[in-house]
Amino acid sequence: MGGSAGSLRRLSDSEGELISQESEDPRRPQDRQGAHWKNVVGFWILGLCNNFSYVVMLSAAHDILSHQKESGNQSHVGPGPHNKSSRFDCNPVSTAAVLLADILPTLVIKLLAPFGLHLLPYSPRVLCSGLCAAGSFILIAFSRSVAISLCGVVLASISSGLGEVTFLALTAFYPRAVISWWSSGTGGAGLLGALSYLGLTQAGLSPQHTLLSMLGIPVLLLASYFFLLTSPEPQDPGGEEETERAARQPLISSEDPETPQRKPDSSSGLSLYEKWTVFKGLQYFILPLILVYFAEYFINQGLFELLFFRNTSLNHAQQYRWYQMLYQAGVFASRSSLRCFHIRFTWALALLQCFNLVFLLLHVWLNFLPSIYLVFLIILYEGLLGGAAYVNTFHNVALETSDEHREFAMTTTCISDTLGISLSGLTALPLHDLLCHLP
């Protein structure tokens, strides 16, 4: 954003003066094409950087709780026989504790977002998000206690939650194609975050130095926002997305056919009745996304630690990291799939994810799967379902919400995944205690 930074400051700080000189769009076609690519690539990078710290914290959850970073010898990092009588080789505290520290601040931010956070200018929000991400890496890297490490995880949560609310709302002022690129970037964050943590620690780098090596990610986020994005423009009414949208009934339509071009933070002018009407229309998309994320994060932070195979060359900590990496690989593939296929009935994805949860929970209880590689395949499939649910939910909301309500709708819908994850963390904690005390 160089010029873009100033334009987005005008966009947010003046509460909504959409840049009028863009409306006639006097630029040459190649200039418009260049701006289009800068924007879609910019949103991909923003998605990547925004979710990166969140993913790394979940990948490092096992190491944070086992707290053996001081040795610097990753081959020995593991939970240790905290419960020698249990077949699960459990940490004293479930990795769901890290999940809750990584998600509850995000939940608070997203709950407040539709009722006032959108009134704050975009630029300070993005700056705060970048600083919190950097602070999380530094705090955990130099921490000498689990409590301090969890404070670092909280900072990562604030960064990710604030960034997601901000950038999803910002997509309302760009062509809808940026939603697909944002989603792909968030999926890329999962894959790159989990793979980089796995690869660097497997290569012998200590968790402390691994986290410090990731400080360039918050810098990239700020550079992409301030120097890469261009000024928002009126959307092209004739495109594939508009054709598809025209075939659907908006959740709530403008009563005035002459409604003027939307302005940034226009949702702040919606009445409570309008907000409630939009929210009711969103339930068809919000509820299945909550269920999808409840099931998959119950698996990720409630069962991954307990899916321990002793007959492999991978130790417990390494198995956990491989689970996280394969899950994120599936998420990245499916969040990048929107141009290949669209899924309107996301309830089917929710039911399939719940089946995965039941199946893996039965294995944890009965131990009937003979090989860790079968679990690898199931976890990859789990990631595919979760990523598809995310990208298709926000795509459907963008298509079926009228222009003047889209910013509010996108901000409100992003509570779904966070609420599902929070519920799964709260449920996984007592399950961990129950199973880890079984002989």
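Student: How far apart do the end C-alpha atoms of residues 281-299 lie, and what percentage of the span is helix?

Tutor: Those end C-alpha atoms lie 30 Å apart, and the span is 100% helix and 0% strand, where helices (H or I, at least four residues) and strands (E, at least two) are DSSP runs numbered from the N terminus. This is a predicted model, in which local features need pLDDT of at least 70 and side-chain atom pairs count only at pLDDT 80 or more, while totals for chains, interfaces and linings use all residues. Residues are numbered from 1 along each chain as its sequence is written, and side-chain values use heavy atoms, with hydrogens and water left out.

Student: What does UniProt call residues 281-299?

Tutor: The unreviewed UniProt entry places the feature "transmembrane region" there, and also at other spans, including 149-173; UniProt positions are given in the numbering used here, feature names are shortened, and annotations may be inferred rather than shown by experiment.

Student: And how is 149-173 built?

Tutor: Residues 149-173 are 88% helix and 0% strand, with end C-alpha atoms 37 Å apart.

Student: Switching to aromatics, how many aromatic pairs are there in the whole structure?

Tutor: The search finds 18, counting rings of Phe, Tyr and Trp (its six-membered ring) whose centres lie within 6.5 Å, with planes under 30 degrees apart called stacked, over 60 edge-to-face and the rest tilted. One of them joins Y293 and Y297, a stacked pair at 6.0 Å centre to centre with 15 degrees between the planes.

Student: Where do Y293 and Y297 lie?

Tutor: Both are in helix α11 (residues 272-303), 4 residues apart, which is about one turn of the helix. Y293 is buried at 3% relative accessibility, and Y297 is buried at 4%, where buried means under 20% relative accessible area, exposed over 50% and partly exposed in between (1.4 Å probe, protein chains only).

Student: Why is the pair of F304 and Y323 called tilted?

Tutor: Their ring planes stand at 45 degrees, with the centres 5.3 Å apart, so the pair is tilted. F304 lies in the loop between α11 and α12 (316-335) and Y323 in helix α12, so the pair ties together parts that are 19 residues apart in sequence.

Student: What sits over the ring of Y390?

Tutor: The charged end of R335 does, 3.7 Å from the ring centre; a charge sits over a ring if NZ of Lys or CZ of Arg is within 6 Å of the ring centre and within 35 degrees of the ring normal.
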